[in-house]
Amino acid sequence: MFNVATGGRRRRAFCTMAVCVAVITKENYPLYISNVPAANELKFHYTVHTSLDVVEEKLSAVGKTTSDLRELYLGLLYPTEDYKVYGYVANTKVKFVIVIDSSNTSFRDNEIRSMFRKLHTAYTDVMCNPFYTPGDPIQSKTFDDVISSMMQVC
Amino acid sequence: MSTGAEERQLVYTMENKPIVTCAGDSSLFSSLQPTLVQQLPKESVEWRRSYGRPPKMINLEANFISFKEELLPKEGSKALLTFPFLHIFWTDCYDSEMYKTSTKEEISRWQNALRGRGSSDWLIVLVEVESRRKSKPIVLPRMAIVDKIRNDFCNKQNDRVVVLNDPLRESARAQESWQAFLSRLRLLLLASFTRNLGHFEDDMRALRERRTNPNWSFAHYFMVQEELAFVFEMLKQYEDALVQYDELDALFTQYIVNHGAGADPTEWVSSFCHPVCHWTGLALWRPIDMVRRELVQNGCASLLDLRSYLFSRQCTLLLFLQRPWEVAQRALELLHNSVQELHLLEIPLPLGAVDCWVYISCLEVLQRIESFCDTNQNDMFAVYAAGLRAYAREKLHGLGNLCGLMSCKGPTSEELNRTVDLLAGLSNNDTEMVNNLNNPSKRLREALSSTEAFEKHYLELSEVAMGTYKHIGRLRSARLIGKELADFHMRKCEPRKAEGYLLDALKTYRAEGWSLLVSHTRRQLAACQSQLGNPDSPLTTSGVTYRNAHLFLRRQDSSSSPGRTREPVLEDTTRTSAVCNVLLRPGNNTVSLPTLVREPGLFTLRQLCLQIGPLQLLSLRLQPVPQYTVYSQEPQLDVISGDDLLAGVPQELQVQLLTGHRALQEGEGLHLSLPESLLLLDSVKIPAHVESDSNDDIPDIELSLELSPRLLRVRFPAISGYRSVRFSLHVLCQPPTATPPADDLDYHSIQDGIELKGLVVEHRVSIDSPWSIYSTLVTLAFHVPFRVQHTVLTAGHRKFVQVCVRNTCSLHFILSRPSLGFSMEGEDTTLESLNPATTTCVCAGKNAWFLWEINGQVPSPVPCCFTVAFQLGSTTEQKRPGTAKGGPNEQMSDDGEEEKPPRHCLFNYDFMLVQLATLYSVQAAVMPPLGQEMCQMGLLCSLEVSITRLCKDDPRQEGSGSPTSDCGEIPGGATVQCSQLLYKVVDNSSNWAVCGRSSGLVAMPLTERATHKLHLEVLPLFAGYLPLPDVHLSKYLSESETDEPCGESGRTPGVESFSTTTPRLSQFDPGEVYNVSRATQVLVLPSPDTSLVDITVP
């Protein structure tokens, strides 16, 4: 609506990417949760777990309306004062949750989508590994690297 | 822009309408004003908008006030609310003189005043009162005044003068002129809106573009754009009004973001960075919060003031638009965003002030929406309401923490000071607000006043928030609140109240396998239970239990399976099975766990629990899942007959009995009631084969049969449950005595409980069993193996009966001893059999033929009966059961040719024989042309036909209803009885061309051997042996003849009935005309080829 000139100079950068990334199985138990800072682990676990409420709500709402291909990206699940929680559900009902710091106002929806796609690809790679037993917690350095690239501070 | 008290007053009420000034004759206008105000909004008009906005239908209203020069906007004024959109001059001048002397002057002055302020929106109304005009002589035509006004003032703007006819009267003319006036007024008003608002918007945009100027004032711009919003609101265009606020919102938000991001520091943004000293939250109950508006206008508003004011306006408009849920949705976004903005601008705030602001705001929004509609009724709200309630609860929790209201010791002095600081920011001078009992700010102050009050508020709010979450199905969110409540109770040293919430939460986390949350909750629970003084309990929840070893069985359909569990958890089960005192030896031990299951279902073994002394070991869920099915089967009886049971041939019926859960006692058995025509071929003992699901070898048993007439008792020895007993019964179904006509497949008859459908005989066998009071009905369908057809053949006088037996099944049969006889005795007519004495084998799908000659005349029609004995052919010997011996009721033929006599069955076929005497014989011959020995293709040949009468009188004349006799003239003069015949020579195979007459009438005398010869010419079209052309004879009934059955009238000469039926033809019945030369062929030579063939030899 308004294009307020920003001058392109930013003194403070709010480009922290995701603060928490989680992979949750069809049965709703976590396969992988990573977050920064690590001290807030418990809080993020609660946040991600609670977000499953909204994921289920959105999935059941989709099921009611159309039977055709559902969009995997669920969008903003719910905002809290500190975080914005986004969701994505693969066709196998494996859920991906990304938490963004609310103070990060420069985020665009497209960037979140591409992060989810990246995450999905990385997850698919993990599943393709013959030494990985589906359903086990993900312990993969490659996957860790992808996740930490999403969570690095730029 | 107009300022101060005047505008404030205007804005406050929002009862505004667009202003229209009225000049001229004020008394005239006053008389019309009520009608005008009432009529104007009655019809809506389409408002076409600038900037590509969609057109809208709008009902116009106006506030008509007396014209004063002060009302005209001053130069540069931006006020819109007080802007007069239209100026009307009213006059009822009817007199030209009066117009010249005063009215013209008045209008002129009025116009100058308007022009001076650049106002071009005006209208002159000339009211024309009929009565007044009539009272005085008309000096000038009425139109003259209008024309004068147009001339004098409306330079090319003729639509600016309107004549209103007799407006106070109730007449069609008055109505019409009112409507014309009103629509003109509406159009002019709209045009004025479009123009003036357009100017305003252009100015506003220009102002916005200047926002980078250092002295640009957001407050000023805010007021300008809000003025536009007010006008839209005044015009009831709430959507447009909302857009103005949304634009302001977006502009402001973007500035804050830029400011926070370190873009050019804008001075005015800094004004919002001042410390906030009031955090009274949103106030949504008044359409316009004038206190905050003034703060914004004067540039002294804090960030929270601006946000509160902006949102209250958006809320008001959204409620006008009937979108309360959007208020709730936007509220949550606003609150989150505002909190972020406070951080972003680094606005100094006392600890907890934000919490107060958010808490009050949440409750305010909820109250506002609830006053609008019931949030619990509408699920759409419930989602947002739940979010707001949870957010308010979270904030209250934080406040309780800060102010020491959650510990059982009470607040410290530092915490008390903090409370006092927070309460200071909640002080409110707004008396109206204070008087509102349910005022959220008041509730917050109350909650912060004491630990007891806080507890009451906090528990109440938490319960409602949890309830809402549960209502919309967000159980995890509800559990999280439950955990916070547990935390609260723990702080209040009430572990008993906390335990339940923690257990609930633990159950959820465990079921979904969130280990970190499980261990965290468990730790809390352990702390809780240790406070409860039960040192053992913590272990209970840790998954180790002191109980007996258990094997858990659960029906799979009894509950939805919880998620994958990552650690041993004692599962809820419906069944357990246990063994005690098991002695374990080194190595593998096999322990069997007995269990008695009383209901059918699929049972899954979930978990093993092993107890050794005080130690209990619990397994994970067993993988792969061992399971077993328990079922209970009712006894079941089936009669397995092959697809094609044949009547007249011994057939085997397989009976299968599944005993199911009911074991059979010795002597129990089945009772079969058999129809009479179904014969049992078995003897008193039959073997039966027994099977069971397990592969145990069970010896065959023997069943005893007892047969009383039409009832068969099958007795079983003792048989245990879940066995399958199979035995065979051999039956013979007698073919039906009345075979349906061969061509009637839909034939249907029921005789003695036997149903005959086409060629299928259906027998119903009912079986009574000891385990059920109901009989099992089995329908057995036996196919009749033959289809029979008969024909009567003629050779001159002689008549023959031919019977064709068609074998319709896939087996071979041997037919013997065919016989044909009349059902009636005492006739001297005999049937002479022309059949060989040997047996006839008829293969599957083939026919057998039998022939008899009829000697002597028979009355026609006469019932006949064809009988043939049949037995299975030798090739299908294996089909016959070898064990079959002569049963007690067996019907057998008695020709004992073999040691083991083959079973003969008789097949009957009853039919009506219709035999007619031959009346005429027709003989035809083709003669070669004269001089030729043979017929030749292309040469005319003669066809000689001779028709001979074979019998003296026509036995069918009487009662047959087809008189054929006539009185014909025979050359020679004598009148003889004649019958007229029509002959017709046709050649259906196009071998012959009949030349000349092909048909004609023949009068035949009714004397035996009377002959009539015909001579016709035919042309053979092909060479070779050609069948002769057909000669058809039919009876010709002339006009005078009647159709009456009294055939005598036709035969008596001179006696004629004079009915007027048209001549018609009647066909002879088959057998009445004998064609002697049927199937005769004649040799036709090819025509000599006379064409030339040129052969060129190179």
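**Chain B against chain A, and B:Glu415**

The area buried between chain B and chain A is about 3700 Å², with carbon and sulfur atoms giving 56%. This is a predicted model, where local features need pLDDT of at least 70, side-chain atom pairs count only at pLDDT 80 or more, and totals for chains, interfaces and linings use all residues. Side-chain values use heavy atoms, without hydrogens and water.

Student: What makes the area between chain B and chain A "buried"?

Tutor: Buried area is the accessible area (1.4 Å probe) that two parts lose on being put together, summed over both. For chain B and chain A that is about 3700 Å².

Student: Why is the pair B:Arg474 and A:Glu57 called a salt bridge?

Tutor: The term asks for a side-chain nitrogen of Lys or Arg within 4 Å of a carboxyl oxygen of Asp or Glu. The N to O distance here is 2.8 Å, so the pair qualifies.

Student: Which helix of chain B gives the most to the side that touches chain A?

Tutor: α8(B), with 9 residues; helices here are DSSP runs (H or I, at least four residues), numbered from the N terminus.

Student: What is the nearest side chain of opposite charge to B:Glu415, and how far away is it?

Tutor: B:Arg418, at 5.4 Å. Lys and Arg count as positive and Asp and Glu as negative, with His and the chain ends not counted.

Note on methods:
Residues are numbered from 1 along each chain as its sequence is written. Chains are lettered from A and ligands numbered from 1 in the order in which they are written. Buried means under 20% relative accessible area, exposed over 50%, partly exposed in between (1.4 Å probe, protein chains only). Helices (H or I, at least four residues) and strands (E, at least two) are DSSP runs, numbered from the N terminus.
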